[in-house]
Amino acid sequence: MSSEQRRVSQDIESLVHPYTNLDTHLHKGPLIMERGEGVYVFDDQGRRYLEGMSGLWCASLGFSEPRLVEAATRQLSKLPYYQLFNSRSHGPAIDLSEKLLSIAPKSLGKVLYANSGSEANDAAVKLVWFYNNAMGRPEKKKIISRWRAYHGVTVAAASLTGLPANHQDFDLPIDRILHTDCPSYYHEARPGETEAQFTRRIVGNLEALILREGPETVAAFIAEPVNGSGGVIVPPQGYFEQVQALLKKHDILFIVDEVICGFGRTGNMFGSDTFDLEPDIMTVAKALSASYLPISATLVSQKVYDKVVERTRDLGVFAHGVTYSGHPVCAAVALETLKIYEERDIVGHVRAVAPHFQHRLRSLADHPLVGEARGVGLIGALEITRDKASKAPFDAQNNIAAVVQNKAADRGVLVRGIRNAVAISPPLIITKEQIDELFDGIAHGLDEALVVARQAELVQ
């Protein structure tokens, strides 16, 4: 047995792989990556791939940024770990918090750290409940999310997530979590309905849900600026303006999940800037550290924080926190990441290359398998359909989006098939030439998938 074969065998024998068909994996085994360079990764056979998904929407500065390695090494040699419990602190957490708040929406005033976007959203749920108890409103606890939303996989975050696979057989969602319409005009519009009419209807449905449940029981509404793992759903014009007016009308907190959209992805520092959002609570992770180390944050408004402080005077403690909250090495790397974004004008670079990215994305809309090409900034998706006119998807057992993903990988381009869409979210440092390489690989994947679909008589 070769060393490569041994590694595959060890993987199959020892690892549980997230978001994987575990039965298939026993026979197929893993694709093992060895190293990264810029926007590329290399497998254990030496094959190079353009990482068109930034790993998991997250490696914003690519895979070989020396300043982040140096920041981690410096901090490891100085203070490799310390905690923030019991009023303890350290410089990296203090400096990162100050920097984060300086670039975040002005409605936000304090930072609470954890390790992942799931934990950040879990903390947001707990803060909403704690806040309403502090307000003397013990019944105002329900949180409304949306179908096709993705907010994580912990118990509360997976309940907020509006995707069936995250609920099935996990006994989710938990109580007090509700779901309303996904703002996808492509998927949800009625025949003959304009985009403006669609928006008014689904916002009306949201208000009807609030009134049916009772505004005195509804505490918060959570949304991604752009639904990521739900298929890269870009909201229609006017949607968030109407939603925010409705939330203010009924005194409902707005949680904005910036785990994917934050730090330049949509062409502004935050998706909240792109869509004029005013969060009461905002969650970030992924590109916060360019994913060189795990760190997340839940940012809260001063209004929410002040009530939390008031209540802890009675309770004696704010009994929430995780061991690695604000971990000094992770915080040091995150702070250096934010410095790089600023010094290299990464947001300006995204704005410069995004038109070409979106042009190449939308040029694939004419492909026989593509029902819609959608996106903003450096994030996009291709909706895969067996019939453009009816928008009919392929059956689950005929996962053509996965075929596109696999055929593009054969061409050296990594993207992600998500149900009936192919998602694309490259590192923010990608160049126009690399964007062409990315979409040439995707076009190859589409053409090869079309051959497969025709051979199986799934399309004409």
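Searching the whole structure turns up zero disulfides, a disulfide being a pair of cysteine sulfur atoms within 2.5 Å. Cys58 takes part in none, and its nearest cysteine sulfur, that of Cys261, lies 14 Å away. This is a predicted model, so local features need pLDDT of at least 70 and side-chain atom pairs count only at pLDDT 80 or more, while totals for chains, interfaces and linings use all residues. Residues are numbered from 1 along each chain as its sequence is written, and side-chain values use heavy atoms, with hydrogens and water left out.

| Cysteine | Relative accessibility | State |
|---|---|---|
| Cys58 | 13% | buried |
| Cys330 | 9% | buried |

For Cys330, the closest cysteine sulfur is in Cys58, and a bond is ruled out because 14 Å is too far.

Now to the packing. The largest nonpolar core holds 67 residues, and Leu96, Phe263, Leu438 and Ile442 have the most contacts inside it. Such a core is a set of buried Ala, Val, Leu, Ile, Met, Phe, Trp, Tyr and Cys residues joined through side-chain atoms within 4.5 Å. A second, separate core of 32 residues includes Ile202 and Phe240.

Finally, the strands (DSSP runs of E, at least two residues, numbered from the N terminus). Strands pair if DSSP finds at least two bridges between them. β2 (residues 40–43) runs antiparallel to β3 (residues 48–51), joined by three bridges, and Phe42 has Arg48 as its bridge partner in β3.

Technical notes. Buried < 20%, exposed > 50% of the residue type's maximum accessible area, 1.4 Å probe, protein only. Helix = DSSP H or I, 4+ residues; strand = E, 2+ residues; numbered from the N terminus.
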